[in-house]
Amino acid sequence: MKINVMSQEDNKMKFLIEGTTPSFINTIRRISTVEVPTMAIEEVAFTKNSSVLYDEMLALRLGLVPLSTDLKTYKKPADCKCEGKGCNACQAKLTLSAKGPCIVYSGELKSKDPKVKPVIEDIPIVKLAENQELKLTATAVLGTGKEHSKWTTGLMVFQGYPEIKIVSGKHKDAAEIAAVCPRKVLEVKDGAVKVANLEACNLCRACQEKSPEVITVNGSTENFIVTMESWGQLSPKEILMESISIMTDKLKEFNKLIK
Ligand SMILES: [Zn+2]
């Protein structure tokens, strides 16, 4: 198997995996989105809330704020030595205090641990009118997307590497075939359709439908383009590494059970 990074931004990574199977990539995809743990607010203690939203509604909104996650320091409450009672190794505390008139944003959540804080600072939580007040302490814990979608890490999608076959020679309606591609994969050169940008192809087959006798498009079943987009709690690379370690643990467990 070969892996090649095609592009990398803060929260998005695209890479090419060669010499594998769709089921292997799909296993990684499933683990990466719903089994890799992230931090999210699980409990909120309100000392004051005179806003128009009731406590449960605000707690739900706060739970959905992505928090930066430190997997080295924190453990899931069930795996912690405190046995789920709650301690510094499995919980992070955040506080929020605001007085209207104003809009309260996610960035106003103040964390005791600088490693656990809102990734996006301008998510509106609630609008406070004159004299309305909000004061709360929130507890964030590690969890997985399998338990609640607030803990999902992001999104991973994959497609077979595009394989485009074009009949050689000049093509009568070359310009029309090239123009039908929404991603500008094709170009016209000397009256013939040519591939200009193969990796931009997402296998929509609009060109093939336009002219099946000239062009055929297929996705490889061995080589794949994988796109991983994180919601920001962990970097795409961290999500991938963690997924592989979770899969390895599962296989070890399986091996032990079979023996
Ligand atoms: Zn603990």
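A: Begin with the domains: their bounds come from an automatic or database domain assignment. Keep in mind that this is a predicted model.

Q: Into which domains is the protein chain divided?
A: Domain 1 is made of 2–34 + 158–227, and domain 2 covers 38–151. Their C-alpha centres lie 42 Å apart.

Q: Which residues coordinate the zinc ion?
A: Donors are N, O and S atoms within 2.8 Å of the metal. Here the SG atoms of Cys80, Cys82, Cys87 and Cys90 coordinate the zinc ion at 2.3 Å. The spacing of these donor residues in sequence is C-x1-C-x4-C-x2-C.

Q: Why is the arrangement around the zinc ion tetrahedral?
A: Four donors count as tetrahedral if all angles lie between 85 and 135 degrees. The four donor atoms here subtend angles of 98 to 117 degrees, so the arrangement is tetrahedral.

Q: Is cysteine 80 buried or exposed, and what about cysteine 82?
A: Buried means under 20% relative accessible area. Cysteine 80 has 5% relative accessibility and therefore counts as buried. Cysteine 82 also counts as buried, because its value is 13%.

Q: Where does serine 211 lie?
A: Serine 211 is in the loop that runs between helix H4 (206–210) and strand S12 (215–230). With a relative accessibility of 1%, serine 211 counts as buried.

Q: With which residues is serine 211 in contact, leaving aside its neighbours within four places in sequence?
A: On that basis, serine 211 is in contact with Asp173 and Ile177.

Definitions and conventions: Residues numbered from 1 in each chain as written. Predicted model: local features only at pLDDT ≥ 70, side-chain atom pairs only at ≥ 80, totals over all residues. Heavy atoms only, no water. Donors = N, O, S within 2.8 Å, 3.2 Å for Na, K, Ca; no water. Tetrahedral: all angles 85-135°; square planar, octahedral: opposite > 155°, others 65-115°. Buried < 20%, exposed > 50% of the residue type's maximum accessible area, 1.4 Å probe, protein only. Helix = DSSP H or I, 4+ residues; strand = E, 2+ residues; numbered from the N terminus. Contact = heavy atoms within 4.5 Å.
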